[in-house]
Amino acid sequence: MTRIPDPAAFIAANTRVQPVPHAPEISLWLADEVTPIWRLTEEELGELGLPPPFWAFAWAGGQALARWVLDHPEEVAGRRVLDFAAGSGLVGIAAARAGAAHVLCADIDPFCGAAVAANTTVNGVVADFTATDLLAAPPPEVDVILAGDVCYEQPMAGDVLAWLAVARARGTRVLIGDPQRTYFPREGLEFLAEYSVPTTRELEDFEIKRTRVWALPLEACHGSAWSGPASTPS
């Protein structure tokens, strides 16, 4: 991946601070439109065919998970929390606001470190960041893993779910936010909540996206394997 000269300056020049629609207690540096910043990101990195700039938008799964954490601070208060595939850091910020003892945001996108730094500053919270590919090693020693919008493509969804199952089998609480994407499992999860999350037709198929929060129960995990099928939606 091409080195980015100044990702913080890029974020400041191409996004603006806005409240998160479904968690307005939190504000983030967000883009107003998808296509322009996507093109600018490709130009900045000198590469074509890049995935969307996940750090520049509040995705439905992350918004739902942030809402759940803010409304149920007992899930994270006093605990070590990992915001996996953090993007903007929204869910990690919610955990910090809810009283987590330590928050680690993880994402391999080269802009995410700067995005998380900018967004934690705006919200007056502290979170560490790592760009390490955590899937390449056993899950870290944390109390809670928060994972929003991690089932949008294969094979990543299967890899992430198997990795989360390892974490849960070791005793880590795993919470997942997802708007029932194609590769999201239809069995083996504990339903916690459903929200109607405002989003944009540029990102989703509806402007209001029905999005759910789930917990991965211990009984769904057998060693290191995920037992719930990743089937296509009905």
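Trainee: In which sense do strand 1 (residues 16–20) and strand 2 (residues 23–30) pair, and over how many bridges?

Mentor: Strands are DSSP runs of E of at least two residues and helices are runs of H or I of at least four, numbered from the N terminus, and two strands pair if DSSP finds at least two bridges between them. Here strand 1 and strand 2 pair in the antiparallel sense, joined by 5 bridges, and they form a hairpin with 2 residues between them; the partner of R16 in strand 2 is L30. This is a predicted model, in which local features need pLDDT of at least 70 and side-chain atom pairs count only at pLDDT 80 or more, whereas totals for chains, interfaces and linings use all residues. Residues are numbered from 1 along each chain as its sequence is written, and side-chain values use heavy atoms, with hydrogens and water left out.

Trainee: With which residue does the side chain of R16 meet in a salt bridge?

Mentor: A salt bridge requires a side-chain nitrogen of Lys or Arg within 4 Å of a carboxyl oxygen of Asp or Glu. R16 meets D32 at 3.0 Å, N to O; since R16 lies in strand 1 and D32 in the loop between strand 2 and helix 2 (34–45), the pair ties together parts 16 residues apart in sequence.

Trainee: How many residues apart are R67 and D71 in helix 3?

Mentor: An α-helix has 3.6 residues a turn, so residues three or four places apart point the same way. R67 and D71 are 4 residues apart in helix 3 (residues 60–71), and thus separated by about one helical turn; their side chains form a salt bridge at 2.9 Å, N to O, and E25 is linked with both in a network of salt bridges.

Trainee: Is R67 buried or exposed?

Mentor: Buried means under 20% relative accessible area and exposed over 50%, with partly exposed in between (1.4 Å probe, protein chains only). R67 is buried at 11%, whereas D71 is partly exposed at 41%.

Trainee: What is the strand order of the open sheet of 7 strands?

Mentor: The order is 5-4-3-6-7-9-8, with mixed pairing. Strand 5 (128–130) and strand 8 (190–198) stand at the edges, each with a single partner strand, so one side of each is left without a neighbour in the sheet. Strand 8 runs antiparallel to strand 9 (residues 208–215), to which 8 bridges join it, and F191 stands opposite W214 of strand 9.
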